[in-house]
Amino acid sequence: MTHDMDPAARTEVAPEQACPIAPVVDIVFSRWTTPILWALNEYGRHRFVELERRITTITPKVLTQRLRQLERDGLVTRTYHPEVPPRVEYEISELGRSLAPLFATLAHWSGNLDKVEQARRHYDARQRVGSRRS
């Protein structure tokens, strides 16, 4: 779309049509989804308390909510073992495992985080200088 187009001629485009990865980002990169999927992909099947110990900053309530959503989305499978006491285990599904190359690419890209931090410092320094001139 060009900027010189008549605004009256423009039609509204749904975000998922304008950016086809937006729904994927919403599913996969919500606040706690990535650490949960990463843990299950890297370390295998976990009980709830094991996940809670591995992802130390998540609350039990939020972990429960995220696991239910991940199960609903088909990214995690939940297995109930009717023992005494009952045991529940969570495992990344095949669909969830299909995200492994994406996670590997992002893990590789994380090597750029020092450049991001450097860019932020440079930006912040410019902003401080600019605000002094005002």
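Q: What counts as a polar contact?
A: A polar contact is a pair of N or O atoms within 3.5 Å; within protein, one must be able to donate a hydrogen and the other to accept it, and residues adjacent in sequence count only if both atoms are side-chain atoms.

Q: OK, so with which side chain does the side chain of R87 make one?
A: The partner is the side chain of E89, at 2.9 Å. This is a predicted model, in which local features need pLDDT of at least 70 and side-chain atom pairs count only at pLDDT 80 or more, while totals for chains, interfaces and linings use all residues. Residues are numbered from 1 along each chain as its sequence is written, and side-chain values use heavy atoms, with hydrogens and water left out.

Q: Where does R87 lie, and what is R87 in contact with?
A: R87 belongs to strand β3, residues 87-92, where strands (E, at least two residues) and helices (H or I, at least four) are DSSP runs numbered from the N terminus. Leaving aside neighbours within four places in sequence, R87 is in contact (heavy atoms within 4.5 Å) with R47, T79, Y80 and H81.

Q: In what order do the strands form the sheet?
A: The 3 strands form an open sheet with the order β1-β3-β2 and antiparallel pairing, two strands being paired if DSSP finds at least two bridges between them. The edge strands, each pairing on one side only, are β1 (46-47) and β2 (76-81). Helix α3 (residues 33-43) packs on this sheet and touches β1, β2 and β3, with its direction at about 90° to that of β3.

Q: How many bridges for β2 and β3?
A: Their antiparallel pairing runs over 6 bridges; Y80 has V88 in β3 as its bridge partner, and V76 stands opposite I92 of β3. The two strands form a hairpin with 5 residues between them.

Q: Cis or trans for the peptide bond from V84 to P85?
A: That peptide bond is cis, with omega near -5°, and P85 is found in the loop between β2 and β3.

Q: Back to α3: at what angle do α3 and α7 pack?
A: Helix α3 and helix α7 (residues 100-109) pack at about 105°, with their axes 11 Å apart. They are therefore roughly perpendicular to each other. The contact is made by T34, L37, W38 and N41 of α3 together with A100, F103 and A107 of α7. Axes are lines fitted to C-alpha atoms, for helices over the stretch in contact, and angles run from 0 to 180 degrees between N-to-C directions, with 65 to 115 degrees counting as roughly perpendicular.

Q: Does T34 count as buried, partly exposed or exposed, and what is T34 in contact with?
A: T34 has 24% relative accessibility and so counts as partly exposed, the class between buried (under 20% relative accessible area) and exposed (over 50%), with a 1.4 Å probe and protein chains only. Leaving aside neighbours within four places in sequence, T34 is in contact with V28, F29 and F103. T34 and F103 are 69 residues apart in sequence, yet their C-alpha atoms are 8.6 Å apart in space.

Q: And the protein chain: what pattern does the sequence follow?
A: The protein chain has 8 helices and 3 strands, in the pattern α-α-α-β-α-α-β-β-α-α-α. Buried residues make up 19% of its 134 residues, and of the contacts with a separation of 6 or more, 46% are between residues 24 or more positions apart.

Terms used
Angles under 35 degrees count as roughly parallel, over 145 as roughly antiparallel, 65 to 115 as roughly perpendicular and the rest as oblique.
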